[in-house]
Amino acid sequence: MEIIKSISESTLNIALQGRLDANTAPELEGVLISSLSGITGLVFDFSELEYISSAGLRILLIAQKKMNTQGTMKLRGVCPAIKEILDITGFSDILTIE
Amino acid sequence: MKEMTESLKETLKRFLFRGIRFKMTLAVLAASVLMLTAVGITMDRTVSNTVEELISSRMESDIKYIEDLFDEGEWNIRDGALYRGDILVGDGTVENAYLAPFLEMEQKTGSFSYTFVKTSDNGLDWVGDKKTGYMQGHFMRVAGSTLSPDGKKIMGTYMDKKVADILDEKGVYSGQANVVGGMVFCLYRTITDSSGEVVGVICVGRSIESMREQTKKAERSLITIVIAAMLFVAVGLDVLVFTWISKLDTVNNYLRDISSGTFPEEPLNLHTNDELIVTAACINEMTEALKERERISGELSIATNIQAHMLPCIFPPFPDHDEFDIYATMTPAKEVGGDFYDFFMIDEKHLAVVIADVSGKGVPAALFMVIAKTLIKNYAQMGMDPCNVFTKVNQLLCEGNEAGLFVTAWMGVLNLETGKLTYVNAGHNPPMIKLADGGFTFLRSRPGFVLAGLDTVRYKQNELVMAPGDKLFLYTDGVTEATDKDNQLYGEQRLGDYLCSHIGDDVKELLTGLKDDIDAFAGEAEQFDDITMLVLDYRQKRASDDAAEKAFPASLDALSDVLAFTEAELNKADCSPKAAMQIAVAAEEIFVNIAHYAYPGESGKMKLGITVDNGVARLNFRDYGVPFNPLKKADPDITLDADSRQIGGLGIFMVKKTMDEVRYERKGAQNVLTIKKKIN
């Protein structure tokens with residue numbers, strides 16, 4: 001999985017390419033832990049993301065909890081297959097999906 | 001309950017007529033007869049003497065009594081008459097005889113009495129006829145209590161000279177004497193005046209008849225007393241002995257119960273303080289010890305039973321599998337030994353066969369055998385390679401092996417689809433194998449060290465491929481080392497010859513026939529070692545099912561491989577991207593679950609089988625870890641807001657939600673999770 005990170009002002013943009021599974025999720029968790037201080041807007045770009053499992057959902061939940069205290073979090077470019085997973089697990093209700 | 005032994009029955013029979021009770025009764029009877037005879041014999045001698053003495057002393061007091069009846073004063077003679085003080089006792093005439101004291105005495109005691117005065121007459125004549133008469137002595141009767149036979153008082157008559165002479169000499173005479181014509185028993189004693197001069201004689205007497213009667217009476221009462229005493233002794237003795245014997249009987253019954261295998265609930269109590277209390281205490285101690293021993297031996301025999309039933313003994317063991325035939329026997333020697341065989345399915349297409357021999361005999365070997373067998377089966381069923389099974393089992397057996405026991409073992413795992421036999425040997429005799437059209441030959445491989453010998457040993461495994469029709473024969477050294485009476489060994493040559501000449505036999509015939517052959521060889525010789533054999537007949541290959549199956553280490557590192565395998569299989573089947581992703585996600589969730597929970601603290605394997613049939617994908621996950629049903633976990637609450645959401649539990653929830661069917665089974669040592677999903 002590729003993690004492409006860019007910051008403009010206090011907004012962190014993270015574009016994910018490939019698979020967010022149990023093996024790659026810790027990598028994303030590491031990036032978030034090191035980059036979220038002072039961030040008030042977090043945007044995930046999922047347009048290149050092919051796959052997400054519960055390990056990935058776990059990171060999204062951690063990020064959402066964190067951003068609830070310091071700003072906002074958005075998901076962009078969610079494909080139908082991943083959207084269905086977010087729906088099934090009730091994540092659509094707690095995440096902001098554009 | 002045990003049957004009474006013959007020797008005990010015999011003893012009981014003998015005891016009836018030789019018991020103490022019988023002997024005691026006889027002894028009391030015999031003693032009674034003896035005593036009575038002895039008493040009878042001595043009675044005549046002693047009793048009559050005693051009675052005479054008694055009577056003499058009585059007469060002595062009678063004389064004193066008469067003297068006391070007179071007033072104070074001394075005996076004296078005046079003018080040939082006898083006086084007491086101034087009272088005239090008598091001068092030989094009836095008129096002057098002073099009879100009162102004598103009559104009173106006779107009335108009182110039944111004794112007659114006389115008094116005589118000393119006369120100066122000498123040379124007195126014979127009186128009476130030849131038969132009853134006597135020579136007269138110099139004492140003349142002056143007073144007394146008895147009349148003569150003709151009714152007259154017999155004053156003035158003289159004493160028998162023989163008695164008078166004795167009185168002169170000794171002053172006293174006792175015994176039978178002729179008194180006025182009749183024999184009586186008398187006591188005569190002289191009486192003296194104040195100067196000590198003899199002045200007369202007092203005589204007290206009783207008729208012989210009355211004395212005899214008294215003697216008889218005394219004898220009778222004495223005999224009565226003796227008999228009574230003896231009866232008393234006999235009864236007392238009997239009571240004593242009989243109580244004692246009845247206690248002995250209690251002891252006997254108690255012991256008889258025990259010897260026939262029933263332990264009385266109550267301890268033996270004889271209600272006594274005599275020597276038997278020690279017996280009872282000892283018996284109770286002994287009984288407790290016996291009970292304990294009985295309990296232990298009972299448990300041991302249960303243990304032996306359990307051990308025997310641990311060996312699979314239902315044939316054919318796997319009716320569903322017609323790919324192979326298997327048969328095995330274990331004939332233990334006298335003592336419980338440590339041989340065992342085992343066979344079991346590792347999964348649907350792998351069969352494991354094991355044969356082993358624990359060093360030593362008896363309970364330690366049996367316990368060790370149980371442990372070794374269990375460990376081997378457990379690890380083999382985890383899907384470990386045979387060499388790793390032995391390496392692991394060896395390490396575990398080495399732990400705390402204080403007794404220094406060890407196990408020789410051979411294990412093979414046959415892949416029923418391919419015929420590949422993977423085997424490992426820990427110091428065991430090489431099995432025999434029949435391959436293709438050849439005969440049985442030894443399957444020699446370089447054996448590893450025995451199990452439980454050295455914990456650092458790493459075992460190596462070998463492989464060969466069996467074709468349908470091939471056979472494998474496993475055995476322990478009890479087979480080759482069976483001896484005949486001349487100590488000849490059955491040996492590998494005979495074993496090989498037998499097997500080669502019976503290649504056509506089915507598995508059961510082969511082992512039964514071989515055992516008969518060994519028995520015929522051994523003849524009368526005793527079997528020293530367990531004889532254990534197992535034969536496997538590989539009949540046909542297992543039809544491989546369509547499933548693509550792959551084994552993976554149950555570790556997160558293998559996740560990419562699992563997903564790649566899954567996606568590749570689904571791609572082949574033209575699966576829609578959405579279904580493919582959901583199936584892949586499900587596969588990941590299940591695999592991650594296995595990697596986390598199946599093998600706590602150690603590494604293990606899992607297998608994933610994938611089939612696509614009629615547009616439905618079926619994924620089959622198997623592991624050999626701890627029993628765990630992930631579907632039982634409660635679903636997470638997906639309606640909570642982000643801050644309240646729990647992180648865990650989502651994975652399996654997603655599987656349940658996205659798959660059409662999810663099923664968990666525990667199959668033997670395996671966790672099997674199956675999911676199904678339409679692919680379009």
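Which elements of chain A have the lowest and the highest mean pLDDT? I started there, since this is a predicted model. Helix 4 of chain A (residues 91–94) has the lowest mean, 89, and strand 4 of chain A (residues 72–76) has the highest, 94. For chain A as a whole I noted a mean pLDDT of 91, with 100% of its residues at 70 or more.

**Entry: chain A**

I counted four helices and four strands in chain A. Going along the sequence, I wrote down the pattern β-β-α-β-α-β-α-α. Chain A has 98 residues, and 37% of them are buried. I then looked at its contacts with a separation of 6 or more: 73% of those join residues 24 or more positions apart.

**Entry: where chain A meets chain B**

Next I turned to the contact between the chains. Chain A gives 18 residues to it and chain B gives 24. On the chain B side, helix 12 (559–572), helix 13 (577–597) and helix 14 (650–658) each supply at least two residues. Which helix of chain B gives the largest share of that side? Helix 13 of chain B does, with eight residues. I also sorted the side of chain B that touches chain A by residue type, and found 13 nonpolar, seven charged and four polar residues.

**Entry: helix 3 of chain B**

I moved on to helix 3 of chain B (residues 100–109), and asked which of its residues are buried. They are Pro101(B), Phe102(B) and Met105(B).

**Entry: a five-stranded sheet in chain B**

In what order do the five strands of the open sheet in chain B run? I read the order as 11-20-19-16-17, with antiparallel pairing. Strand 11 (324–331) and strand 17 (440–442) of chain B are the edge strands, each pairing on one side only. From one strand to the next, the twist averages 15 degrees.

Inside this sheet I checked strand 16 (residues 432–434) and strand 19 (residues 471–475) of chain B, which run antiparallel and are joined by three bridges. Met432(B) has Phe473(B) of strand 19 of chain B opposite it.

My last stop was strand 23 of chain B (residues 616–623). Eight bridges join it to strand 22 of chain B (residues 605–613), and the two run antiparallel. In this pair Gly609(B) stands opposite Asn620(B) of strand 23 of chain B. How many residues lie between the strands of the hairpin made by strand 22 and strand 23 of chain B? There are two, and in this hairpin Asn614(B) takes a positive phi near 55 degrees.

Strand 23 of chain B also pairs with strand 25 of chain B (residues 670–678), in the antiparallel sense and over eight bridges. There I found Val616(B) opposite Lys678(B) of strand 25 of chain B.

Methods. Residues are numbered from 1 along each chain as its sequence is written. Chains are lettered from A and ligands numbered from 1 in the order in which they are written. This is a predicted model: local features need pLDDT of at least 70, side-chain atom pairs count only at pLDDT 80 or more; totals for chains, interfaces and linings use all residues. A residue is buried if 20 or more other C-beta atoms lie within 10 Å of its own, exposed if 12 or fewer, and partly exposed in between; C-beta atoms are placed from the backbone. Two residues are in contact if their C-beta atoms, placed from the backbone, lie within 7 Å. Two strands pair if DSSP finds at least two bridges between them. pLDDT is the predictor's confidence in each residue, from 0 to 100. Ala, Val, Leu, Ile, Met, Phe, Trp, Tyr, Cys and Pro count as nonpolar, Asp, Glu, Lys and Arg as charged, and the others, Gly among them, as polar. Axes are lines fitted to C-alpha atoms, for helices over the stretch in contact, and angles run from 0 to 180 degrees between N-to-C directions.
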